[in-house]
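Here is a short tour for anyone opening this model for the first time. Take a look at it, and then we'll walk through some of its parts.

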Amino acid sequence: MKDSTGPAKEPIEGTDPAPLSDRFGAQISHGDIREVRGPLLVVGGAGGVGWDEFATIDLAGGESRHGLVLEVDRDLATLQVLESTDGMSLGGIGVRFDGRPLHVQVGTQWLGRVCNGRGEPLDGGPPVTGTATLPVSGWPLNPVYREPPQEPVLTGISVIDGLMTLVRGQKLPIFSVPGLPHLTLATQIAAQATSSGQSFRVVFAAMGLTHADIAFVRDRLEERSAEKELILLLNAADDPVIERILTPRIAPTIAEHLAYTESHDVLVVMSDMTSYAEAVREVSAARREIPARRGYPGYLYSDLATLYERCGRVKGHDGSVTIVPVLTMPAGDITHPVPDLTGYITEGQIVLAPDIAARGIYPPVDVLSSLSRLMRSGAGKGRTREDHPDVAAQVLAALARARQATELAELVGEAALSETDRSYILYRTLVEKGLFDQARDESRTLEDTLGRAWTALAALPDKELTMLPRVFLDRYLPRSGS
Amino acid sequence: MEPVAEGKDGQVVRVSGPLVEIEGVERLSMLELMTLGPQRIAAETVAIAGTKATLQAYEYTGGLKVGDVAAATGAELSSLMGPGLLGQVFDGLMRPLSSAPMWLTPARSQSTADPVVLAREWTFVPTAVPGTNVSAGDVLGTVPESGSVVHRVLVPAGVYGVLSWVAPEGKVRVLDPIAVVADHVVSLAERVPIRRARPFLARHTAAVPLHTGQRVLDLVFPLARGAAATVPGGFGTGKTMMLQQVAKWSDADVIVYVGCGERGNEMADVLDGLSQLEDARTGDRLIDRTVIIANTSNMPMMAREASIFTGITVAEYYRDMGYDVVVIADSTSRWAEALREFANRNGDLPAEEGYPANLSSELASFYERAGRVTTLGGQSASVTVIGAVSPPGGDMSEPVTTDSQRFVRSLWMLDRDLAYSRHYPAVSWTGSFARDAEELGNWHAANGQPGWAIRRARTVALLAESDRLAELAEIIGRSSLPGHEQVLLLGGRLLRDGVLMQNALSNNDGYCSLEKGAALLDLVFDVVDACQRLVERGVAVASIEEADFGPVLRAREEFGPSDDASVRARSAEVLAALEALQ
């Protein structure tokens, strides 16, 4: 019972919770490899190794790989190898355990850097050093310390700012299908997002992107990177799969430090979470775990939650962490485990739809399936503009009605529609072309966005605008001469 | 939590996430709590074989090694309950979060007894007379708290005899003795095991409604006090929003809100919202009648499993003082996932969708702790349970959803189509049920609302009829329907948008009294009847539909939460306008 470490103190940011002796004392090389299977490596004679420890694997040729301890069972330790086990044999390997879970150095030195999925430089610069060392898995934030998110993050994209406002400290995912411009949209958000009066920083974590996509992202975000407002963590599609398990953990670890120690508003973009979940599934399958749905492990919800829940605002601190995960829904199926579990954790979703893209609208957001749950606290008087929530509600309600009118018109012909229904069809065209459609590098002010919404709503008879109070109609509704 | 017996300590031999196997322990019992490693992580015994045992750990086990010590505590998982719970936030193991640090590291598990809680002084006011005979459930004295809920200190279960001493009025701390009954010293707070239901005398069968202030629930799918309800809903169907409304406006004495594996920001929102709102009945802040148990999705998974039972034990603790308590658990699916996670790691054979075979009995053991009872002290009190279910992919045939429905009296099924058309609360009238509706109708009949059952019947019939006609209209066209059927379609729309929809963010509409609800229903019925008369008189349906029904639809938001008189006045205005139609 009398342990030398004594009662552990609350780790304060900037201090290292693990004593130095623990970190460097256990650098013994273990050579007794019992089994190699998929991404897993089983090491014998590993008594004294702790669960979830980080390990370095030295190969015969001098190459080093890395691993995490998934299980300790008597003298056996099971590791997941981040870089794949290709070329490994049972002899000639040495495993050195770190004595603690994986830590990264955090600090403002990260800003402007381009690194791989493990945080090693890709930009030709020296390894990133920092002012503090923190565990990448982070610690759960005490919910009592959370400040309810309230101020908007403006992206300059009308459909998002106007109808599903992103809020500081929120987690709002983009659901897409392969072939749609979700990466373009995510990159546009990363390039344009700002919060009023605060310094804004972006961490862009790419998992399993193609080299063409990566080149696009680097190019598009070059300006922000040069301003030292951006960190890029890039795991390419042909990079080690298991490395993807670390990327979305390193990103929020850096972000939390920038937010709560350096007082920045930080946006973390994670793309593509489906690739991440597949990596988790691969490890689970190799461990022969009982799968839940579609082969994904039963703990996928909790696993995703430990990533997404790292967003937020904290009482007594100025900064914030906002997370925008991007994921592709296989076959466009929103009930697939990855979008489904994500939707249960996140505060809303932005859904992209192929039929809207086919009509030439960018960004192709299906606004009726999309939602920002925190918009009610982040938009309106004192946050954006007094009429904002009511306008958004009216635009959506009218669009739902317009959709019915369009369907009716397909059945009976537009000529047979009532005057009111025809005005809805006109409204739909106006709102889609005037408000939703936007250039890929265009950043609109909120005034501009709301003005466009009012212009579209003006196509409807006044009696249809039931969600807008009279005072707003008088103040904002454009009156044409006719 | 010091070890009680030497020689019982064992050592860790296997760690796989929250599953820990230990060896070399003796006389261990099931559910006994152990502490593991130098950080003394709490873990519960779930299987014993010889001197080996399997434990589920309640903290992140990173760094736990083979050979680390496993120390027995001799006690089951329990929590200290006494004054000071109301208005506070606890984690799944009932450790105070309000006084915990910003980052929840395992280091916290070393301080199971919170010094802040232990040091706080309360004013004890004795009510029992020394020398008299007392038995379990009798009130020994009271402790005033910040709100109007008076904390009653009871004789613990299993204790009876002559009250030989009771503390005089004065300051005491939670572990201080306040009475001696026979040989038993009663302290202000007691340690309560969370997995065992607290005893009571008898269950009541008569149904008394719980008023939630939400029209679709109170008028159509009511819940009796002491009954259980389940709320299945896919993501985005407004589940949490609706449960928060119920937490705010239910006419219960105490609310226990269990955030089980849900969002951190939501818990912050609940805390913030309840702190700002006032309880209309007592004038207190709503937070002063609420206990929040927050085990968010990123907090350790196994404490999530315990949080549901912690919540219901707190509820029973207040029930035993004679209060009506509502437990809201959001979400039971996350709890079931924690069960599944552990069962899988333990190598148990899975039943449906990987869930363990005991899922339904575990669910039953939770929902069956609801009840309206006579307490040991002879008072009438209740625990009402409302459990949210988050079906994966919105699939209502998955095991947690289907199993839960078997153990509840009311089902409030949330519908994605309603939610997507921004109809909140999105309670489906086709998929939901209320098994006590008839009995609750009798209660209303005897308590001032004889029309309740008739209104409910007409509401259900009108909704069903208008749904059927809407389907028909899609095939043959709306204008091909006879006039009186088109009026029913209109009536369905007025009922949905003017009564069942409720704006949670509105001061007028967020809460609705029974009387205003009845008036709103009557308003719609009156309008439908008037339109039917117009059709009979030969007025064209098209011109009826062109009439402005805005005053009907806006009545719920324009008039105060209990202003039924204005709604009834509105009815007269609308009817007069309709009568003028030709």
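In what order do the three strands of the open sheet with β11 of chain A stand? The order is β12-β11-β14 in chain A, and the pairing is antiparallel. Keep in mind that this is a predicted model.

At the edges of this sheet are β12 (166-167) and β14 (194-195) of chain A, each with a single partner strand, so one side of each is left without a neighbour in the sheet. Strand β11 of chain A covers residues 152-154 and pairs with β14(A) over two bridges.

## Chain A as a whole

Chain A holds 15 helices and 21 strands. Along the principal axes, its C-alpha atoms fill a box of roughly 85 × 45 × 45 Å. Why does its radius of gyration agree with a compact globule? For 482 residues such a globule would come out near 23 Å, and chain A has 25 Å, which agrees. Of those 482 residues, 52% count as buried. Among contacts in chain A with a separation of 6 or more, 71% come from residues 24 or more positions apart.

The chain splits into domain 1 (25-101), domain 2 (104-375) and domain 3 (388-476). Domain 1 and domain 2 of chain A touch through 11 residues from domain 1 and 11 residues from domain 2. The centres of those two domains of chain A, taken over C-alpha atoms, are 30 Å apart. UniProt, in an unreviewed entry, lists residues 378-476 of chain A as "domain: ATP synthase A/B type C-terminal". That stretch is 64% helix and 0% strand, with 21 Å between its end C-alpha atoms.

## A strand with two partners

Back in chain A, have a look at strand β4, residues 54-58. It pairs with strand β5 (residues 64-73) of chain A in the antiparallel sense, over five bridges. Strand β7 of chain A (residues 94-97) also runs antiparallel to β4(A), joined to it by four bridges.

I57(A) lets you see both pairings from one place. Its bridge partner in β5(A) is R65(A), while in β7(A) the partner is V95(A). The hairpin of β4(A) and β5(A) has five residues between the strands, and there G62(A) takes a positive phi near 95 degrees.

## Chain B as a whole

Chain B comes with 16 helices and 28 strands. The box filled by its C-alpha atoms, again along the principal axes, is roughly 95 × 55 × 40 Å. A compact globule of 582 residues would have a radius of gyration near 25 Å, and the 27 Å of chain B agrees with that. Of the 582 residues, 55% count as buried. Looking at contacts in chain B between residues at least 6 apart in sequence, 70% join residues at least 24 apart.

There are four domains here: domain 1 (10-75), domain 2 (114-189), domain 3 (202-436) and domain 4 (452-579). Between the C-alpha centres of domain 2 and domain 4 of chain B you'd count 56 Å.

Is G273(B) buried or partly exposed? With 16 C-beta neighbours inside 10 Å, G273(B) counts as partly exposed. Its C-alpha atom is 8.5 Å from that of I287(B), 14 residues away along the chain.

## Where the chains meet

How many residues of chain A are in contact with chain B? The count is 60 residues of chain A, against 57 residues of chain B. On the chain A side, the elements giving two or more residues are β5, α8 (300-308), α9 (337-345) and α12 (388-412). Of these, α9(A) gives the most, with five residues.

In soluble globular proteins, nonpolar side chains tend to be buried together. The largest nonpolar core in this model has 323 residues, and those with the most contacts inside it include F204(A), V268(A), V256(B) and V327(B). Helix α13 (residues 514-537) of chain B supplies the largest share of this core, 13 residues.

V327(B) is a handy place to look around. Leaving aside neighbours within four places in sequence, V327(B) is in contact with residues including V256(B), V258(B), I312(B) and V383(B).

Conventions: Residues are numbered from 1 along each chain as its sequence is written. Chains are lettered from A and ligands numbered from 1 in the order in which they are written. This is a predicted model: local features need pLDDT of at least 70, side-chain atom pairs count only at pLDDT 80 or more; totals for chains, interfaces and linings use all residues. Two strands pair if DSSP finds at least two bridges between them. The radius of gyration is taken over C-alpha atoms; the globule rule is 2.2 Å times the number of residues to the power 0.38. A residue is buried if 20 or more other C-beta atoms lie within 10 Å of its own, exposed if 12 or fewer, and partly exposed in between; C-beta atoms are placed from the backbone. Two residues are in contact if their C-beta atoms, placed from the backbone, lie within 7 Å. Domain bounds come from an automatic or database domain assignment. UniProt positions are given in the numbering used here, feature names are shortened, and annotations may be inferred rather than shown by experiment. A nonpolar core is a set of buried Ala, Val, Leu, Ile, Met, Phe, Trp, Tyr and Cys residues joined through C-beta atoms within 7 Å.
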